[in-house]
Amino acid sequence: VSSDPYAVGQLFPLLIFPLSIGILSAMPAIPILRRLIFAIPFVFFIGIWNPIFDRTLVPFMGIEMARGWFSFFSIQIRLLLTVSSTLILTGIIGFTGMNRALLELKFPAAFVSQLMILNRYMEVLVEESRSIQRAYVLRCQRITMGSFGPLMGQLLVRTYYRSERIERAMLCREYTPYFSIRAGASPAPL
């Protein structure tokens, strides 16, 4: 999707790729759309500034529009292309398969290891945040902006100590962050 920042029409044919791959692989559309909806607000609020700052008028279908609107729509289409393609790819080959592909593409093993650990232990972070939130709400009834900072600090400390315990347990089980992937070799457990 590396094209002119104001090119909206050039991006529409690229939408055929995620659509066709999703249809051919029989990926259900609802889970992909559900995850896509989470990314849309972030990109929307980043791109909405373009029409405000880039007010150069260009003709479009007989009217003059700010050039920023073209870059705004271009950013939104790029979001649809990249996020949906990534979600479909991850859904087809799985996260482990994607990590193996990254290693075969010569990505640094430390980067791939961090992705795997992040994916594997994101649930630990979510569990810790739910525990802190539940305890705080039971004590104080609601979370305010003044209590947000101390809660995030507590979450950081608890997650850090828990990650240290997990790392010690992994090292006791002879964990190494290095992988040996050969073409045709059976996949190693990640």
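This is a predicted model: local features need pLDDT of at least 70, side-chain atom pairs count only at pLDDT 80 or more; totals for chains, interfaces and linings use all residues.
**Exercise 1. From pairs to a network**

Task: Find which residues are linked with Glu 128 in a network of salt bridges.

Solution. 
- Take Glu 128 again. Glu 128 also forms a salt bridge with Arg 158, with the closest N and O atoms 2.8 Å apart.
- The side chains of Glu 127 and Arg 162 meet in a salt bridge at 3.4 Å, N to O. Glu 127 belongs to helix 5 (residues 109–140) and Arg 162 to helix 6 (residues 145–172), 35 residues apart.
- Join the pairs. Glu 127, Glu 128, Arg 158 and Arg 162 are linked in a network of salt bridges.
- Note the total. The count for the model is four salt bridges.

**Exercise 2. Accessibility in the network**

Task: Classify Glu 128, Glu 127 and Arg 158 as buried, partly exposed or exposed.

Solution. 
- Set the limits. Buried is under 20% relative accessible area, exposed is over 50%, and partly exposed lies in between.
- Glu 128 has 7%, so this residue is buried.
- Glu 127 has 43%, so this residue is partly exposed.
- Arg 158 has 31%, so this residue is partly exposed too.

**Exercise 3. The nonpolar patch**

Task: Identify the helix that gives the most to the nonpolar patch.

Solution. 
- List the members. Ile 37, Ile 40, Phe 44, Phe 45 and Leu 80 form the nonpolar patch on the surface. Together they have about 450 Å² of accessible area.
- Assign the contribution. Helix 2 (residues 29–47) gives the most, with four residues.
- Inspect one member. Phe 45 lies in helix 2. Its relative accessible area is 54%, so Phe 45 is exposed.

**Exercise 4. The largest pocket**

Task: Describe the lining of the largest pocket by helix and by residue class.

Solution. 
- Begin with the volume. The largest pocket holds about 440 Å³ of space.
- Read the lining. Among the lining residues are Met 27, Pro 31, Arg 34, Phe 38, Val 83 and Thr 90.
- Assign helices. Helix 2 and helix 4 (67–104) each supply at least two lining residues.
- Sort by class. The lining has seven nonpolar, three polar and two charged residues.

**Exercise 5. Positive phi**

Task: State where Ala 26 and Met 61 lie, and whether each is buried or exposed.

Solution. 
- Most residues other than glycine have a negative phi.
- Take Ala 26. Its phi is positive, about 60 degrees, although Ala 26 is not a glycine. Ala 26 lies in the loop between helix 1 (16–24) and helix 2. At 64% relative accessibility, Ala 26 is exposed.
- Take Met 61. Its phi is positive, about 55 degrees, and Met 61 is not a glycine. Met 61 lies in the loop between strand 1 (57–60) and strand 2 (63–66). At 75% relative accessible area, Met 61 is exposed.

Definitions and conventions
Residues are numbered from 1 along each chain as its sequence is written. Side-chain values use heavy atoms; hydrogens and water are left out. Patches are made of residues with over 30% relative accessible area and no salt bridge: like charges are joined within 9 Å, nonpolar side chains (Val, Leu, Ile, Met, Phe, Trp, Tyr) within 5 Å. Accessible areas come from the Shrake-Rupley method with a 1.4 Å probe; for residues, only the protein chains shown count as cover. Buried means under 20% relative accessible area, exposed over 50%, partly exposed in between (1.4 Å probe, protein chains only). On a 1 Å grid over the protein atoms alone, a cavity is a set of points where a 1.4 Å probe fits but cannot get out, and a pocket is an open set with protein on both sides within 12 Å along at least five of seven lines; lining residues have an atom within 4 Å of a point. Grid points are joined across faces, edges and corners, and a volume is the space filled by probe spheres set on the points. Ala, Val, Leu, Ile, Met, Phe, Trp, Tyr, Cys and Pro count as nonpolar, Asp, Glu, Lys and Arg as charged, and the others, Gly among them, as polar.
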